[in-house]
Amino acid sequence: MDPQLTEVSQMFERFKAAFIRKDFDSCANLLSQLKVLLTKFRSLPPLFENTPNAVNELLLAREIYEHAVVLSVKIEDQDAFERDFFQLKPYYTDAGSRLPPSQQEYLILGLNLLRLLVQNRIAEFHTELELLSATALENPCIKHAVELEQSFMEGAYNRVLSARQNAPHETYVYFMDLLAKTVRDEIAGCSEKAYDYLSINDARQMLLFSSDQELLEYIKEEHPDWEVKNGSVFFQKAKDSAPCKEIPSLQLINQTLSYARELERIV
């Protein structure tokens, strides 16, 4: 075997051993070294040179970046996830015809869809979806993300929260928890605008918590401006602190008249 390929393979074995031990600091350090070593392989993107060990190098690099994506989820680093996913993606697209299918491909593509949904990047979510094959769309990992997006857009928030129990893989739980927070923040924002106050029981049901204690902890951490007293949650303080924006009506009228005059000249 090529000495460089041997060096990368041995270091990757150390990475996987650290990953199993959940020694994520060592993993991050080894991953940085692995990425530097991979730059020496001219068979990898973007060059894709047809070297004697091209297939083995591509397979090894793909597996390294797949582990990098999963590591970013374990350490809850969304920026690292995005970087590593975009480094991995060419191995699924540009090099896909040269390599056997990866067992991790649909899992990671589904994770990326879930990340876009959590970040409310819906246009990019649908762009990524359009690039997937009919076979991919039938995979449970992809279907899970698609069904979540549909429930989210329909406002069926109870389905979004209950979907955590049916996550296709344990790595999905991190993004599911973030999505649950996004959903609750959305409901909370609507609630404080629609009501002056709610009973604790109504607020708990509306925010989809299973206990009053969970609700009170959420209020303490996320909405300290809400007031809990006499068995109710009062939103008035939040409403009073919200900035009131004035509509520049005179400026808008002048702009509209100016546009009308310009259109009249053009015609």
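Trainee: How many residue pairs are in polar contact between domain 1 and domain 2?

Mentor: Start with the general idea. A polar contact is a pair of N or O atoms within 3.5 Å. Now this case. The count between domain 1 and domain 2 is 6 residue pairs, both residues at pLDDT 80 or more. Keep in mind that this is a predicted model.

Trainee: Which helices supply at least two residues each to the side of domain 1 that touches domain 2?

Mentor: Two are listed: α9 (157-162) and α10 (172-194). The largest share comes from α10, with 7 residues. By class, that side of domain 1 has 5 nonpolar, 2 polar and 4 charged residues.

Trainee: Let me step back. Where are the bounds of domain 1 and domain 2?

Mentor: Domain 1 covers 3-195, and domain 2 covers 196-238. The contact takes 11 residues from domain 1 and 13 residues from domain 2. The C-alpha centres of the two domains lie 35 Å apart.

Trainee: What area is buried between domain 1 and domain 2?

Mentor: Buried area is what two parts lose in accessible area on being put together, summed over both. Here the figure is about 1,100 Å². Carbon and sulfur atoms give 66% of it.

Trainee: Which residues in domain 1 lose the most area to domain 2?

Mentor: R184, E192 and Y195. Together they account for 54% of what the domain 1 side buries.

Trainee: Now single residues. Is F85 buried or exposed?

Mentor: The cut-off for buried is under 20% relative accessible area. F85 counts as buried because its relative accessibility is 0%. Its place is helix α4 (residues 78-92).

Trainee: Which residues is F85 in contact with, leaving aside neighbours within four places in sequence?

Mentor: V69, I108, L109 and N112. Take L109 as a case. F85 and L109 are 24 residues apart along the chain, and their C-alpha atoms are separated by 8.7 Å.

Trainee: What about D84, buried or exposed?

Mentor: D84 also lies in helix α4. With a relative accessible area of 4%, D84 is buried. Leaving aside neighbours within four places in sequence, its contacts are K35, A68, V69 and S72.

Trainee: What is the phi of E76?

Mentor: E76 has a positive phi of about 60°, although E76 is not a glycine. E76 lies in the loop between α3 and α4. With a relative accessible area of 53%, E76 is exposed.

Trainee: And where does N120 lie?

Mentor: In the loop between α5 (105-118) and α6 (122-130). N120 has a positive phi of about 60° and is not a glycine. The cut-off for exposed is over 50%, so N120 counts as exposed at 53% relative accessibility.

Key: Residues are numbered from 1 along each chain as its sequence is written. This is a predicted model: local features need pLDDT of at least 70, side-chain atom pairs count only at pLDDT 80 or more; totals for chains, interfaces and linings use all residues. Side-chain values use heavy atoms; hydrogens and water are left out. Domain bounds come from an automatic or database domain assignment. Contact means heavy atoms within 4.5 Å. Buried area is the accessible area (1.4 Å probe) that two parts lose on being put together, summed over both. A polar contact is a pair of N or O atoms within 3.5 Å; within protein, one must be able to donate a hydrogen and the other to accept it, and residues adjacent in sequence count only if both atoms are side-chain atoms. Helices (H or I, at least four residues) and strands (E, at least two) are DSSP runs, numbered from the N terminus. Ala, Val, Leu, Ile, Met, Phe, Trp, Tyr, Cys and Pro count as nonpolar, Asp, Glu, Lys and Arg as charged, and the others, Gly among them, as polar. Buried means under 20% relative accessible area, exposed over 50%, partly exposed in between (1.4 Å probe, protein chains only).
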